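Open the model in your viewer and keep the selection panel at hand. This tour moves from one selection to the next.

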Amino acid sequence: MTTTVSPTTVSPITLSTTSETPTAVSPVRAYDPTPRLADFSAAGRWKGRLSTSVEARRFGFTVAEPTSLGGTDEAANPIEYLLGSLAGCVSVVVETVAGELDVPVAAFESHATGTLDIRGFLGTADVSPHFQQLTLTLTLTTSVPEAELADLKDQVRRRCPLLNLLTDAGIDLREVWVVRRP
């Protein structure tokens, strides 16, 4: 599947139909009132024993449950992939926004930990099966003083698709920033 965005998009990343590799464009951002929609998809094929083979573009991966839940434990489970996706998504946004703001990044790490009440999944209690609470720790190594990073942090919060998806779902999401010096 090819991701398509209009070539007139004014944004940090432009995805085109001619290349699978995003190309950087000018970091100058102007408000654009015209929707610029990008479609993404993934397909899963059940393998049995709580295991699924997934394909997204030219990439493949397996999703499986641990043996304690009746699975094969051959791969991360869907919740772990979601946490990993959040870590990857926020990393992309930090790198993009830091580049736009000329904030040097020597290193960046993210760690996501979520708690859910397994009774929701099992159907044994009337509780939500999604996260009850999620903590996202973002460790940024930069020479910029922490007091000068408010704009970076605000833009990351506002622009990260998965961070917003989880927040909009009403999940108690705790964001912890740790700033280190190079």
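Start by selecting K153: the residue is buried, at 12% relative accessibility. Here buried means under 20% relative accessible area, exposed means over 50%, and partly exposed lies in between (1.4 Å probe, protein chains only). This is a predicted model, in which local features need pLDDT of at least 70, side-chain atom pairs count only at pLDDT 80 or more, and totals for chains, interfaces and linings use all residues. Residues are numbered from 1 along each chain as its sequence is written, and side-chain values use heavy atoms, with hydrogens and water left out.

**Stop 1: the partner of K153**

K153 and E146 form a salt bridge, with the closest N and O atoms 3.3 Å apart. The term covers a side-chain nitrogen of Lys or Arg within 4 Å of a carboxyl oxygen of Asp or Glu. E146 is partly exposed, at 38% relative accessibility, whereas K153 is buried. The structure holds eight salt bridges.

**Stop 2: along helix α3**

Select R157 and D154. Their closest N and O atoms are 2.8 Å apart, in another salt bridge. How are the two placed in helix α3? They are three residues apart in this helix (residues 150–159), separated by about one helical turn. Helices are DSSP runs of H or I with at least four residues, strands are runs of E with at least two, and both are numbered from the N terminus. R157 is partly exposed at 34% relative accessibility. D154 is also partly exposed, at 43%.

**Stop 3**

Move to K47 and E74. This salt bridge has its closest N and O atoms 3.0 Å apart. K47 lies in strand β3 (residues 43–48) and E74 in the loop between β5 (59–64) and α1 (78–101), so the pair ties together parts that are 27 residues apart in sequence. Buried or partly exposed: which is K47? K47 is partly exposed, with 44% relative accessibility. E74 is partly exposed too, with a relative accessible area of 43%.

**Stop 4: strand β7**

Finish at T141. This residue lies in strand β7 (residues 131–141). T141 is buried, at 14% relative accessibility. Which residues does T141 touch, not counting residues up to four places away in sequence? Select P104, V105, A106 and A107, then R180, R181 and P182. Each of these has contact with T141, where contact means heavy atoms within 4.5 Å.
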